[in-house]
Amino acid sequence: MEITEVFRIIEKQLDSTNKELEFKKDKATDESISFSGEKGIYRIVYDSSSSIMAFECAYENSENAEFNTISRSLFDAESYDERDAKSLANEINDEITSLFKSRKKVDLDKIKMPKAVSRTKAKNGVVSYDTDSLANRFATLYPDMKDDIRANIAQYGEFLPETFFMEKGSARIIDVIANGSETDVKKLFKMLNEVYEDGTNEVQDIIGVTILGEMKNDPKLMEVADKYMSDYMSGPVHEINKITAKNNSLTKKLKNPPPYKPKKKRKGFMQNALQSQDLNNR
């Protein structure tokens, strides 16, 4: 199936929802299709180099609108069929209904920044640096990105580190490694080394793969990083970059993580008790 046929099926499936939300087709090319309205813009973009379709949204309708990637899916022209296209359209339908139907403008200043754990406690092994700590320390270095972190929290109800760094944070860090002054690079790696060495496995994965894996074994970037990386972090980062430099099924999976699913709400004590009583009475 051709990608243009996938777009045609998606457009047809979303017709009623687009009318309800007052979205109209903005433009379509061989590799993208977008819809816009007063509430914002959403689009499906196909990257032929990675065979990935990305569903992206922006909450303003302007030329400079900033898009957030909501989900990604692999597209295999040989195996993709009408059922797959309709399934994708249904997923997108659920997303745009959730994102745009009752959307209210969020005051980012009212959203609290993630908190960092105590440096002293982390060094003494009492606690470990977590992804909230990484976000907090990152924002201390780059205050202009606080709103991007708050926007991530506003969109998902919690801070999603992998999404934030894939979409925003990693690009800033790679730019500092490539173009920053010696002082800027030292400050960056001082923070990364510290959080990595005394961090959880999750935060180590974010730093090693999602952030520094974006160097993709570039000789110039690796040379700069080698000057400042700690011995503890250097080995894993080198091994990761040998992998991320390649374009294979594994790197495609890294670029195409599972879509975000909100955490299930815990049932209260009374709700659990009533459910248990109901089961016993059956």
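**View 1. Overall surface and composition of the predicted model.** The protein exposes about 16900 Å², of which carbon and sulfur atoms supply 46%. The structure is a predicted model, and its secondary structure comprises 13 helices and five strands. Of the 282 residues of the protein, 40% count as buried. Among the contacts in the protein with a separation of 6 or more, 58% are accounted for by residues 24 or more positions apart.

**View 2. The open sheet of five strands.** The strands follow the order β1-β2-β3-β4-β5 in an open sheet, and their pairing is antiparallel. At the edges of this sheet are β1 and β5, the latter spanning residues 68-74, and each of these two strands pairs on one side only. Neighbouring strands of the sheet are turned against each other by 15° on average when direction is ignored.

**View 3. Pairing of β2 with β3.** Strand β2, made up of residues 32-37, runs antiparallel to β3, and six bridges join the two strands. Within this part of the sheet, Phe35 has Tyr42 of β3 as its bridge partner.

**View 4. Glu22 in the loop between α2 and β1.** Glu22 is found in the loop that lies between α2, residues 15-21, and β1, residues 24-28. Although Glu22 is not a glycine, its phi is positive, at about 60°. Is the residue buried or exposed? Glu22 counts as exposed because its relative accessibility is 59%, and the cut-off for that class is over 50%.

View 5. The phi of Ser51 is near 60°, which is a positive value in a residue other than glycine.

**View 6. Helix α9 and the elements that cover its buried residues.** Helix α9 consists of residues 201-211, and its buried residues are Val203, Gln204, Ile206, Ile207, Gly208, Thr210 and Ile211. In an α-helix there are 3.6 residues a turn, so residues three or four places apart point the same way. Which elements are included in what covers the buried residues of α9? Among them are α5 (131-141) and α7 (161-179), together with α8 (182-197) and α11 (231-244).

Key
Residues are numbered from 1 along each chain as its sequence is written. This is a predicted model: local features need pLDDT of at least 70, side-chain atom pairs count only at pLDDT 80 or more; totals for chains, interfaces and linings use all residues. Side-chain values use heavy atoms; hydrogens and water are left out. Helices (H or I, at least four residues) and strands (E, at least two) are DSSP runs, numbered from the N terminus. Buried means under 20% relative accessible area, exposed over 50%, partly exposed in between (1.4 Å probe, protein chains only). Two strands pair if DSSP finds at least two bridges between them. Axes are lines fitted to C-alpha atoms, for helices over the stretch in contact, and angles run from 0 to 180 degrees between N-to-C directions. Contact means heavy atoms within 4.5 Å. Accessible areas come from the Shrake-Rupley method with a 1.4 Å probe; for residues, only the protein chains shown count as cover.
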